[in-house]
Amino acid sequence: MTKTQRLIELMMRVYDKPTFTAEEMAAEFGVSYRTMLRYLHELSGMGVPLYAEPGRRGGYTLLQSGRVADMAGQRIAKAHSFERMVRPQTYVIGLEFQAPFTAVHMSQVMIPKLWIELERRQHEIPRQTRTGVKTGVSLSRTRLYHYIAGVEVSHLHEVPEGMVGIILPAREYVVYTHFGAPDRAEIDQTFLLLMDKLRQRGLEPDISGYALEIRPSEPPSSITIHIPLHGINPSDDSPEFVYRPL
């Protein structure tokens, strides 16, 4: 197992067991106490919100704050308009992240890294169709949390090494503009609150379909969120398809 794989497994375990000691984790992963301390420090440096409590009865706690939910809730409560639109069939190529839904909080650390890596490698993607715009594709309400940080292209004939392509059929979405910094936790909270608000208005989000985040290439002050709707779509017989080149 590589160090990166070990860190990812440790991150998943931390989010599953939010209070623990370094000794417990060292025994569970079969490494020394010093090595586990180093791993935990690295996770903290990656953005995992760990709080260390010193002393004999001390340990580590994963910080959980309600502030993000409160802020997002206030913003959504004030929103008075959602647009409904049909997007044509869309092709996206980019870098992907996958994790069990129980480890959804890993996205707050890993997805920002995808966008940084995409910025470095975007020139490798041929036939881009929207200059100055990036597209995030996410499936986060099922057993799998799946995210692709990418750009829209005219077709998937050439997918660079280490990237994937996805075909999204033409379908109807509700569109909402998320203002502010592109903080992962806040965006995910906006998705959840939006879906509740849509149901209150008699609209049914399709949790089995991929949502979209349309963001400008420069550090965005706003992100346009597209949530797929249940109902009669132009391409009901054409589901999403993810292409992973060999």
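**Note on the predicted model**

1. Glutamate 213 is found in strand E10 (residues 211–216). Helices (H or I, at least four residues) and strands (E, at least two) are DSSP runs, numbered from the N terminus. This is a predicted model, in which local features need pLDDT of at least 70, side-chain atom pairs count only at pLDDT 80 or more, and totals for chains, interfaces and linings use all residues. Residues are numbered from 1 along each chain as its sequence is written, and side-chain values use heavy atoms, with hydrogens and water left out.

2. Is glutamate 213 buried or exposed? Glutamate 213 is buried, and its relative accessible area is 0%. Here buried means under 20% relative accessible area, exposed means over 50%, and partly exposed lies in between (1.4 Å probe, protein chains only).

3. Which side chains does glutamate 213 meet in polar contacts? One is tyrosine 147, at 2.8 Å. Another is arginine 215, at 3.0 Å. A polar contact is a pair of N or O atoms within 3.5 Å; within protein, one must be able to donate a hydrogen and the other to accept it, and residues adjacent in sequence count only if both atoms are side-chain atoms. Histidine 226 is 13 residues from glutamate 213 in sequence, and their C-alpha atoms are 6.4 Å apart in space.

4. Now look at strand E7 (residues 144–153). It is mostly covered, with 9 of its 10 residues buried. Strand E5 (residues 90–100) runs antiparallel to E7, joined by 10 bridges. Strand E6 (residues 133–139) also pairs with E7 in the antiparallel sense, over 5 bridges. Two strands pair if DSSP finds at least two bridges between them.

5. Glutamine 98 has histidine 146 as its bridge partner. Leucine 139 stands opposite histidine 146 too.

6. Arginine 244 lies in the segment after strand E12 (241–243). This residue is partly exposed, with a relative accessible area of 40%. Arginine 244 touches Glu96, Gln98, His146 and Val164, leaving aside residues up to four places away in sequence. Contact means heavy atoms within 4.5 Å. With glutamate 96 there is a polar contact between side chains, at 2.9 Å. Valine 164 is 80 residues from arginine 244 along the chain, yet their C-alpha atoms are separated by 4.9 Å.

7. A second sheet to trace is an open one. Its 3 strands stand in the order E1-E3-E2, with antiparallel pairing. Strand E1 (19–20) and strand E2 (50–53) are at the edges with a single partner strand each, so one side of each has no neighbour in the sheet. E2 pairs with strand E3 (residues 59–62) over 4 bridges, in the antiparallel sense. Glutamate 53 stands opposite glycine 59 in E3.

8. Helix H2 (residues 22–29) has buried residues Ala22, Met25, Ala26 and Phe29. Seen down the axis of H2, the buried residues fall within an arc of 105°, so they line one face of the helix. The arc is that of the directions from the helix axis to the C-beta atoms. Glycine 30 follows H2, and its phi is positive, near 70°.

9. Helix H5 (residues 107–121) has 15 residues. From first C-alpha to last, H5 reaches 20 Å, close to the 21 Å expected at 1.5 Å a residue. The expected span is 1.5 Å times one less than the number of residues. Buried residues in H5 include Val109, Ile111, Leu114, Trp115 and Leu118.
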